[in-house]
Amino acid sequence: MSATIAPLTGSTYVNPVAYADGKAHTAPDPFVIRYRSLYYCYATDEHGILVSTSPDLVRWTSHGYCYTEAGRKNFWAPSVILINGIFHMYFSNMPEHEADTHNEIMRVATSANPLGPFEKRAELFNTFAIDSQVVWGDDGNLYLLYADNQVTGLSEDRPGTSVMIDRLATPFVREGNPRPLIVPTMDEEIFARNRFGDGRDWHTVEGATYFTYRDRAFITYSANAYEHEDYFVGYSAAPLPDDPAAAHIDEMDWSKQLNGTSFDPLLIRSPQVEGTGHNSIVKAPNAIDDWIVYHGRNADDELYVGTEQRVMRIDPLYYAENGLDTPGPTADEQDGPLRGTVQDDFAQGLGQQWAVISGAAHAAIGDNADGEGSTALVADEAGTFVAVAGESSATQVVDVWAKAPVNPLGARFGIVVRYVDDRNLTKVEIDAGRNLIAVVDVIGGVVSERAVRTRFEGFDFTAWHEYRVERRYCRLGVTIDGRCFESCTISDQPGRAGLFAVRTAAEFSAYVATEHVNLWGARLRDFGREITTDSLLTISDGIRPRGVKPADITLRAPLNGNRFVLDFASHTDNGRTLVAVGDYRLSITAAGANLMHDGVALNAAAQPVRLRELNHQIRRGQLGRAILTVRIEALNGLLRIHVRGKSWQVPCADDDAHACITLDRTSLTGYTRTALVADGRKGA
């Protein structure tokens, strides 16, 4: 069998991403956000900030400049955050007559429309500062990440720029207590050798992007120079506290993945692609998968210093061995970002997959005052509107944008998490009149409020906000605009998900529900619901056999139409895990993984393909155990298996095949299951 890796799904893309006009567009420092049904990319340009839109991250439409400013040039590295319906854009520029780029000053501009035009509101610095990202912390603080020379610019050891963080008192004012997050530590971060003529090399560490996964926070960054062959994206990581309110980004224990002992960057050049860097992270349309958006250039193109050649590229971002993984930079046909199990932009009202339980709603198309293609579903305020879609489930993520007018009678609307009938349901209710959000569980006609959050100071219920719920059997987590709101227990009875409004003309946009479950740590107590086994298992730093004998486990969900990500740890370097699928056997030890078929070892394809070899050293967790992550996907008669650095793709004709796992002196420390099927269409 060949080691060829071909797309599994019917939705594909090829880097660099394509534009609707068929032209090549530069997009340096691409910063992408998702707002309702569209993605918006903001990019660097000499004359202003460029903006483009896409429905799927793959097909883009250029809209030119969303911000320009007379007498200024070099509009660098924009980032955008939505706060109560207003888009705040952070960027740097400099006077047009200046030649020294250290005159780049960071500014803030705002707009009610993501396409602009943006209007300047403030300057955040009076000295050089670039590469912003502003994020809401789960602790309620607004944080600014940026790069400057203040901490390491005069270093005798490794002078250069570093990634900094400061809190914002308001979106327009810094608190003024900056701290370094990522500083230069290695030669691969050198921008210019002997820059000052005294033997000191100048380093560049910049372009930070903050995000979280499970119990860890990450910051990606770019280092050295775009024109250099080793320009790369690395990352730093920190453990998250159990209480989200205690997650102070500027006080976390950050550990840089690359510290001079090894060089294994997240993104670096391949034979086809160079200049990979300055990324942002955004969710796929299924609201689950993370994708990295970055710039690069074709390696075959001659480099012209001073001519803009950076174009936008995208690749999936995975989590493996407590770190990050990506097949990028890719240059051939790849599987595109996935849609949700149920997805609706409400352009035609409620689609066929919806069942209206009560009331009514209609489609409404805005005047583009708050963005291109602003379709919404508006509930009839004369009654109680309830509609559900998709199959009954107990493991699902629902994501929707919503807002509502607040009249003298108040406003009540939200997400139906679990609907069986009117006497058995769970909902997340936004009550603007009482200024609270509650999780309401109804079991056999008995109503209880499982979680209530009140006094949302400064929260505008009439503005668009992103509401997201993650259901894991009897546990429910709620986030608003990416910030943790609450978690609580609910009935574990499966049900259909949907929307509701109580005598309120609430508007809903960009609804997505995806079949998904993510287990690790204490969450692994639900792993028994995902498997069948005759063995006794115990939870102790993961799922492991109870006793000295190996344990056999079979995943309940079929492989076909799903992606499974399995994290394993060896108790000793002699530990062994077997994953069997039909006639295929994946053997995992501390030394790595091998796939066998009928006793014959199968060749793997290198992923990613790079000019600089990956670090193949055994990775170990906090307890010193060898750890390895396996990603398994099956669709359209094909089975794909990936471990760090290599992939196999083989035929799998049995749609009812299940994965069987044998743990022999090993543990399963993490498990995710995500549907690859959208609205009944495989891989759409």
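Begin by selecting Cys41 and Cys66. The sulfur of Cys41 lies 10 Å from the closest cysteine sulfur, that of Cys66, which is too far for a bond. A disulfide is a pair of cysteine sulfur atoms within 2.5 Å, and a search of the whole structure finds zero of them. Cys41 is buried, with a relative accessible area of 2%; Cys66, at 3% relative accessibility, also counts as buried. Here buried means under 20% relative accessible area, exposed means over 50%, and partly exposed is in between (1.4 Å probe, protein chains only).

The model on the screen is predicted: local features need pLDDT of at least 70, side-chain atom pairs count only at pLDDT 80 or more, and totals for chains, interfaces and linings use all residues. Residues are numbered from 1 along each chain as its sequence is written, and side-chain values use heavy atoms, with hydrogens and water left out.

A pair of aromatic rings is described by the distance of the centres and the angle of the planes. Rings of Phe, Tyr and Trp (its six-membered ring) pair if their centres lie within 6.5 Å; planes under 30 degrees apart count as stacked, over 60 as edge-to-face and the rest as tilted. The structure holds 24 aromatic pairs. One of them joins Tyr35 and Tyr40, which are tilted, at 6.3 Å centre to centre and 55° between the planes. Both Tyr35 and Tyr40 are buried. Tyr35 also forms an edge-to-face pair with Trp401, with 5.2 Å between the centres and 80° between the planes. This pair links distant parts of the chain, 366 residues apart: Tyr35 belongs to strand β3 (residues 31-35) and Trp401 to strand β32 (residues 395-403). Strands are DSSP runs (E, at least two residues), numbered from the N terminus. Trp401 is buried, as is Tyr35.

For a cluster of rings, select Phe211, Tyr213, Phe218, Tyr235 and Tyr319, which are linked by ring pairs.

Now select Arg631 with Tyr318. Arg631 lies over the face of Tyr318, 3.5 Å from the ring centre. A charge sits over a ring if NZ of Lys or CZ of Arg is within 6 Å of the ring centre and within 35 degrees of the ring normal. Arg174 is placed over the face of Phe125, at 4.0 Å from the ring centre.

Finally, select Phe413, Tyr467, Phe508 and Tyr511. These residues have the most contacts inside the largest nonpolar core, which has 40 residues. Such a core is a set of buried Ala, Val, Leu, Ile, Met, Phe, Trp, Tyr and Cys residues joined through side-chain atoms within 4.5 Å.

Conventions. Helices (H or I, at least four residues) and strands (E, at least two) are DSSP runs, numbered from the N terminus.
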